[in-house]
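Good morning, and thank you for coming.

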Amino acid sequence: MRSMTGYAYKEKSDENVSVSVEIKSWNSRFLDLSVNMPSFLGRLENRIREKCNSSILRGKVELTIRVREKNGAVTVEADENAAKAYYDAIQRIAVSCGLDPQKIPLELIASQDGVLSIQKDTDPERYWEFIEPVFNDALVDFTADRDREGANLKKDLLEKLSKIEESEKLFKEWIPQMEQLFREGILKRFKEVMGDEVDEQRVMTETAALLVKYTINEEVVRLQSHIDALKAEMENNPAPGKKIDFICQELNREINTIGSKNQFVEVGRAVIAAKDALENIREQARNVE
């Protein structure tokens with residue numbers, strides 16, 4: 001089980017280039033991956049997304065790759081025609097202003113747009129050789145961080161689920177007690193009206209009618225089935241978040257039905273305890289991948 005929240009940061013430098021990779025994530029119903037990196041590395045984005053998709057199933061994920069060139073190969077080219085056109089124009093301005101056109105500084109001409117152009121070697125494959133190991137290390141750390149948080153979530157979820165199991169055991173214990181209490185209540189009412197001349201068959205019929213209306217046997221059986229299913233998802237499914245949410249809806253339905261049928265204080269307390277534990281499970285499950 002993994003958490004959808006996680007963080008990792010890795011960086012590496014040598015004499016020519018410095019690379020850093022940062023990955024952070026939050027909760028989301030689906031995988032929402034955004035990749036931020038220099039535009040000249042755009043051809044690498046699909047490759048990076050494929051690697052992320054292979055290990056991340058859900059969550060809002062922000063991946064940032066930064067590259068800083070230290071001693072990169074640079075080619076500077078001069079547009080002589082543009083330089084001459086700028087010089088002629090500036091010279092005319094100088095003459096019209098009464099200035100010496102011979103004193104126009106070279107840096108003024110060179111600084112004009114388009115006179116000098118800088119070309120860098122931005123071959124993505126060359127950078128990928130340096131980026132890939134840093135990215136892989138960051139992804140490993142990111143996964144480990146989510147695994148650690150996932151282990152804590154699983155422990156907490158199982159603790160909360162054990163409270164629902166305690167309530168389920170009490171519900172099961174009260175099933176035969178309910179039948180007995182219904183029978184005793186009906187028998188008491190019959191005796192109040194008929195004295196000792198009570199029709200035992202009539203008592204059994206009335207008890208059965210009440211049990212049809214108020215018995216919780218089916219709900220308890222289904223409740224146990226959902227508890228077992230939830231445990232199985234936590235143990236066997238590497239990404240159980242969506243399934244946990246669905247099973248919690250089923251658990252909630254059975255607990256609510258038991259609560260609506262309940263006639264006894266002890267069962268009512270167990271219903272409240274189960275609903276409280278279930279709400280905590282649903283809240284925590286929002287963090288599970």
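**Strands, rings and charges**

Let me start with strand E2, which is joined to strand E4 (residues 59–69) by 10 bridges, the two running antiparallel. This is a predicted model, in which local features need pLDDT of at least 70, side-chain atom pairs count only at pLDDT 80 or more, and totals for chains, interfaces and linings use all residues. Residues are numbered from 1 along each chain as its sequence is written, and side-chain values use heavy atoms, with hydrogens and water left out.

Some terms are needed here. Strands (E, at least two residues) and helices (H or I, at least four) are DSSP runs numbered from the N terminus. Two strands pair if DSSP finds at least two bridges between them.

On E2 there is a further antiparallel partner, strand E1 (residues 6–13), joined by eight bridges. E1 and E2 make a hairpin, with three residues between them. Within E2, Glu22 is the bridge partner of Tyr9, and Glu22 also stands opposite Thr64 in E4.

Is E2 enclosed or open? Eight of the 10 residues of E2 (residues 17–26) are buried, so the strand is largely enclosed by the rest of the structure. Buried means under 20% relative accessible area, exposed means over 50%, and partly exposed lies in between (1.4 Å probe, protein chains only).

I turn now to the aromatic rings. Rings of Phe, Tyr and Trp (its six-membered ring) pair if their centres lie within 6.5 Å; planes under 30 degrees apart count as stacked, over 60 as edge-to-face, and the rest as tilted. How many aromatic pairs does this rule give? The count comes to two. Phe40 is partly exposed at 29% relative accessibility, whereas Tyr127 is buried at 6%.

Trp174 and Phe264 have ring centres 5.3 Å apart and planes at 35°, so this pair is tilted. Trp174 belongs to helix H4, and Phe264 to the loop between helix H7 (241–261) and helix H8 (265–285), 90 residues apart. Trp174 is buried, at 11%, and Phe264 is buried, at 16%.

Finally, charges over rings. A charge counts if NZ of Lys or CZ of Arg is within 6 Å of the ring centre and within 35 degrees of the ring normal. Arg126 lies over the face of Tyr127, at 4.5 Å from the ring centre.
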